[in-house]
Amino acid sequence: MRRKTVPKLPMSPTPSTETQRQKMVHLTTEILSPSEDNITKAANLLRNGQLVSFPTETVYGLGADATNDDAVAGIYAAKGRPSFNPLIAHVATIEAAQRYVYWSDDAQRVADAFWPGPLTIVLPLRPDSGISPIVTAGLDSLALRLPAHPLAQSLLQHVDRPVAAPSANPSGRISPTTAQHVFAGLNGKLAAILDGGPCAVGLESTIIGLVSTPTLLRPGGITQADLQAALGRSIDLHSAQDAISAPGQMVSHYAPSAQVRLNATSFAADELGLGFGSVECDLNLSPTGNLVEAASNLFSMLHLLDHRNSSKIAVSPIPSQGIGAAINDRLNRAAAPRD
Ligand code: TXA
Ligand code: MG
């Protein structure tokens, strides 16, 4: 995928202009209950170039107006996110998505099957899209998502612009599934958090690339088999070597402070045990061995264990069928060696 020149990001903690400084520094971040007034307030903050976190059915996003370079640059600064890692643009309708990318029959098939919902579709960017090149990190493709969460939908309708939103966590750390997780990780770095309670799915969206051959770029709750059924043919699996088609698939990611050991069939005395199925452990992802329940508990339980001041977390084996593949994808990154 070709990269264009991207405006330089203000990654330094001392932004160049007074306006940028005022936009990015908040003494404290406001947590907004999900009332109509607060949805309007959050939408106006976004339209004014501020950062607002909002719930989706997967995880909380850190939103900014995707057409505003300064606002989008603020996302990278707040998260400490590498500038080569592009963002997902969130939209309220399929018609809105079609304004920014070259739509295709395959896009229509997967959108019909899974939108609104936890699926992100990568398509060729229209040159006249108006999307900030900082969103795509200079790529000529754009990742689009139409979330199902009613608060996200209502917010996107009020903003009436595409909203760029990565998961609302400091780069490389565990993704947030509650407003409190967002506050703990990013307080002072965004204007407000719209609090919609815990996220139901709990793992980030599945990403399918439809720029050339359909490719699964990130596993999630919608599985490779689900996508194949919707498309009526097989899809490629993204390979870890293909850094350019999935630039943000870092090997070490979702990392708690503690070291993580996987496929643990027993837990040592100095380890906190994150169990699955009927095992004795400190926290259990799903005592009955239900993978959907385990996915929705994964990040919140990693957050909880990480606050118990142990340097070691061990995790039971998780079967890789269905959403289990996505759970293991996240666990492998949480356990990967860090820089
Ligand atoms: O569930 C989700 O997808 C959440 C919620 C907030 O919508 N968002 C999320 O964003 O997980 P983030 O930034 O944490 O992950 C976005 C992923 C990254 O791995 C990034 O590299 C990839 O999407 N991505 C974005 N644009 C892309 C593009 N044009 N081509 C390939 N991959 C892209
Ligand atoms: Mg993320």
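User: In this predicted model, what is the handedness of the crossing in which helix 5 passes helix 8?
Analyst: Helix 5 covers residues 105-114 and helix 8 covers residues 224-231. The two pack with their axes 9 Å apart. Where helix 5 passes helix 8, the crossing is right-handed.

User: Which term describes helix 5 relative to helix 8, given the angle at which they pack?
Analyst: The angle between helix 5 and helix 8 is about 120°. Angles of 65 to 115 degrees count as roughly perpendicular and those over 145 as roughly antiparallel. The angle of about 120° therefore makes helix 5, relative to helix 8, oblique.

User: How many charged residues does the contact of helix 5 with helix 8 have?
Analyst: Helix 5 contributes Asp106, Arg109, Val110, Ala113 and Phe114, while helix 8 contributes Asp226, Leu227, Ala230 and Leu231. By class, the contact of helix 5 with helix 8 has 6 nonpolar residues and no polar ones. The number of charged residues in this contact is 3.

User: Which residue is joined to tryptophan 115 by a cis peptide bond?
Analyst: Most peptide bonds are trans. The bond in question has an omega of about -10° and is cis.

User: How are helix 2 and helix 6 oriented to each other?
Analyst: Helix 2 (residues 36-47) packs with helix 6 at an angle of about 50°, and their axes are 9 Å apart. Roughly parallel requires an angle under 35 degrees, and roughly perpendicular one of 65 to 115. Helix 2 and helix 6 are therefore oblique.

User: Near what value is phi of aspartate 160?
Analyst: Most residues other than glycine have a negative phi. Aspartate 160, in the loop between helix 6 (150-159) and strand 7 (163-164), has a positive one. Its phi is near 60°.

User: How are helix 9 and helix 10 oriented to each other?
Analyst: Helix 9 (residues 291-306) and helix 10 (residues 324-335) have axes 9 Å apart and pack at an angle of about 25°. Their crossing is left-handed. Angles under 35 degrees count as roughly parallel. Helix 9 and helix 10 are therefore roughly parallel.

User: How far from an oxygen atom of ligand 1 does a polar side-chain atom of serine 205 lie?
Analyst: Ligand 1 is surrounded by 26 residues, and Ser205 is listed among the closest, with Thr58, Asn85, His90 and Arg145. For arginine 81, a side-chain N or O atom is 2.9 Å from an oxygen atom of ligand 1. For asparagine 85, the distance from a polar side-chain atom to an oxygen atom of ligand 1 is 2.7 Å. For serine 205, the distance is 2.5 Å.

Notes. Residues are numbered from 1 along each chain as its sequence is written. Chains are lettered from A and ligands numbered from 1 in the order in which they are written. This is a predicted model: local features need pLDDT of at least 70, side-chain atom pairs count only at pLDDT 80 or more; totals for chains, interfaces and linings use all residues. Side-chain values use heavy atoms; hydrogens and water are left out. Axes are lines fitted to C-alpha atoms, for helices over the stretch in contact, and angles run from 0 to 180 degrees between N-to-C directions. Helices (H or I, at least four residues) and strands (E, at least two) are DSSP runs, numbered from the N terminus. A crossing is left-handed if the near helix is turned anticlockwise from the far one by less than a right angle, and right-handed if clockwise. Contact means heavy atoms within 4.5 Å. Ala, Val, Leu, Ile, Met, Phe, Trp, Tyr, Cys and Pro count as nonpolar, Asp, Glu, Lys and Arg as charged, and the others, Gly among them, as polar. A residue is near a molecule or strand if one of its heavy atoms lies within 4 Å of it. A polar contact is a pair of N or O atoms within 3.5 Å; within protein, one must be able to donate a hydrogen and the other to accept it, and residues adjacent in sequence count only if both atoms are side-chain atoms.
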